[in-house]
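I opened the model and kept notes as I went. Entries follow in the order of my look-ups.

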Amino acid sequence: MESSSLGRVRQPPAPRNHIVYTDQKGRKIPYADKITPEPILNNNGGRDTKADSIRNSYNSQFKVGIYGWRKKCLYILVMALMMMMIVNLALTLWVLKVLDFNSEGMGQLRIVPGGLQLLGQTLVLDSLYASSIKSRRGQPISIESSRNFSVTTRDGLGLVQSRLFLGHDRLEMSVGELEVRDARGALLLGARRGALTVGADNVVVASPAGAVFRTAVQTSMVKAPPSKQLMLESPTRSLEVHAAQSVSLESRAGDITASCLTTFRLRSVAGAIRLDASSIYMPKLKSALPLPPSAPHGPHHQNIYQLCACANGKLFLAPSHGVCAAREESLICR
C-alpha cells in the first residue's frame, strides 16, 4: 500500500490564465479561462450565487447595442433614405408618364420589325445616321431646316464622294456624273465633265429672252412653238450654221427673214444655191441708165429689167432690151 501510494506523485494543477475584470468599485472579478471558458450554470433553484452576481455585474458594465445620439442619427439616416427612394420613384413614374412609354415604344416612336417608326413631326437636334429613311404608305415625307440642308456620301476610307447642299438661296451638287431619268428609266438629262446630254424628245425654253449659248450648239432641229416666231440672233458677232449634208430653212405659215449689218453670204462649195419660190424679190437694187431715147422701145418695156452682175458679184438692174452692161459701171459696181 505504501509502495503504491509512494509511486503516485501528486502533481499540482496547471496554472490557468484568467481574465481579470473589475467592477464599478475597482474590485477584481475572475470570470473565465482564455483557453477553455466554462459556462456558469445556475443550479441552485433560484438562489443567487457568486457566479450570478459576477455575470450580472459584467452585463451591466458591457452593454451590447446602439444607444443615445447614435441611435437617433441612424433613424434619421434611414428616414432620409426612404424619402429619397420615394421621390426617385415618383420622378421615374412622372418621366414615364411624360414620355409616354408603352409596350410598343415611346410616345410617337414605335419599334417595328426592321427599324423604328416615327409618327408626326420629328426634331433632330444633332446628326442623324440611318441607312434608309422612308415615309408611311400613301404619305409624303418632308425634310425642313431653319438654315441649310446637306447630304454627303463617303467611301470606305472616309473621303467625300458626292455632296448635296441646299442653302438659303442656292443649290449645289458635287458629283462625278449627274443623271435625271423618268419613271421608265429613260435618260432625260445627263451631265459629266466635258459633256451635257439631253435625252428628252423636246427641249422647251419658256424664257422671253430665249436661250444664250456661249459656244457651239449641235442639234438636229431648231423649232419654235406653234404660233411663235423663231429667231436666231447674234447681237455683236457672226452667226454660222454648219451641217454635214444640208441645211434646211422652212416656214410653213410665215416668212423667213435674214438680215445683217455688213455682208450676207450664201456659199456652196460643191453644189448650188437654190431658191425655190414663185416670187423672188430683191428691192433696192441699183439700175443702169436707160439707153438713148432714139432706141426703139414700147411703153410696156419701161418696168421690165434684166438682172445683171458685176465682176465683184454685185447685182444691178439693166433695161430689158440691150446688153447687160452699164455705162456707169464703176459707180454701180463699187
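**Salt bridges**

My rule first: I call a salt bridge any side-chain nitrogen of Lys or Arg within 4 Å of a carboxyl oxygen of Asp or Glu. The model is predicted, so I take local features only at pLDDT of at least 70 and side-chain atom pairs only at pLDDT 80 or more, while totals for chains, interfaces and linings use all residues. Residues count from 1 along each chain as its sequence is written, and side-chain values use heavy atoms, with hydrogens and water left out.

I looked up the pair Arg 181 and Glu 179. Their side chains meet in a salt bridge, 3.0 Å from N to O. For exposure I use relative accessible area: buried is under 20%, exposed is over 50%, and partly exposed is in between (1.4 Å probe, protein chains only). Arg 181 stands at 45%, so I log Arg 181 as partly exposed. Glu 179 has 39% and is also logged as partly exposed.

I went on to Glu 172. Glu 172 forms a salt bridge with Arg 170, and the closest N and O atoms are 2.7 Å apart. Glu 172 is partly exposed because its relative accessible area is 35%. Arg 170 is partly exposed at 43%.

Asp 276 came next. Its salt bridge partner is Arg 274, with 3.8 Å between the closest N and O atoms. Here both Asp 276 and Arg 274 are exposed.

How many salt bridges does the rule give? The count comes to four. As a reminder to myself, side chains of opposite charge can pair when their charged atoms come close.

**Whole chain**

I take helices (H or I, at least four residues) and strands (E, at least two) as DSSP runs, numbered from the N terminus. The chain comes to four helices and 14 strands. It has 334 residues, and 7% of them count as buried.

I ran accessible areas with the Shrake-Rupley method and a 1.4 Å probe; for residues, only the protein chains shown count as cover. The chain exposes about 31,800 Å². Carbon and sulfur atoms supply 56% of that area.

For contacts I need heavy atoms within 4.5 Å. I considered contacts between residues at least 6 apart in sequence: 18% of these join residues at least 24 apart.

**Second largest pocket**

I work on a 1 Å grid over the protein atoms alone. A pocket is an open set of points where a 1.4 Å probe fits, with protein on both sides within 12 Å along at least five of seven lines; lining residues have an atom within 4 Å of a point. Grid points are joined across faces, edges and corners, and a volume is the space filled by probe spheres set on the points.

The second largest pocket has a volume of about 2,000 Å³. Which of its 39 lining residues are closest to its centre? They are Val 124, Leu 128, Ile 133, Ile 141 and Ile 143. β4 (109-112), β5 (115-118) and β6 (149-154) are the elements that give two or more residues to this lining.

I sorted the lining by class. Ala, Val, Leu, Ile, Met, Phe, Trp, Tyr, Cys and Pro are nonpolar; Asp, Glu, Lys and Arg are charged; the others, Gly among them, are polar. The lining has 18 nonpolar, 16 polar and five charged residues.

**Loop residues**

I followed up on Ile 133. It lies in the loop between β5 and β6. Is Ile 133 buried or exposed? It is exposed, at 56% relative accessibility. Leaving aside residues up to four places away in sequence, Ile 133 touches Leu 128 and Ile 141. Gly 115 is 18 residues away along the chain, and its C-alpha is 10.0 Å from that of Ile 133.

Ser 142 is also in the loop between β5 and β6. I log Ser 142 as exposed because its relative accessible area is 66%. From Ser 142 to Gln 121 I get 9.3 Å, C-alpha to C-alpha, across 21 residues in sequence.

Lastly, Lys 284 sits in the loop between β11 (195-198) and β12 (286-287). Its phi is near 65°, a positive value in a residue other than glycine. Lys 284 is exposed, at 85%. Glu 240 lies in the loop between β11 and β12 and is exposed at 56%.
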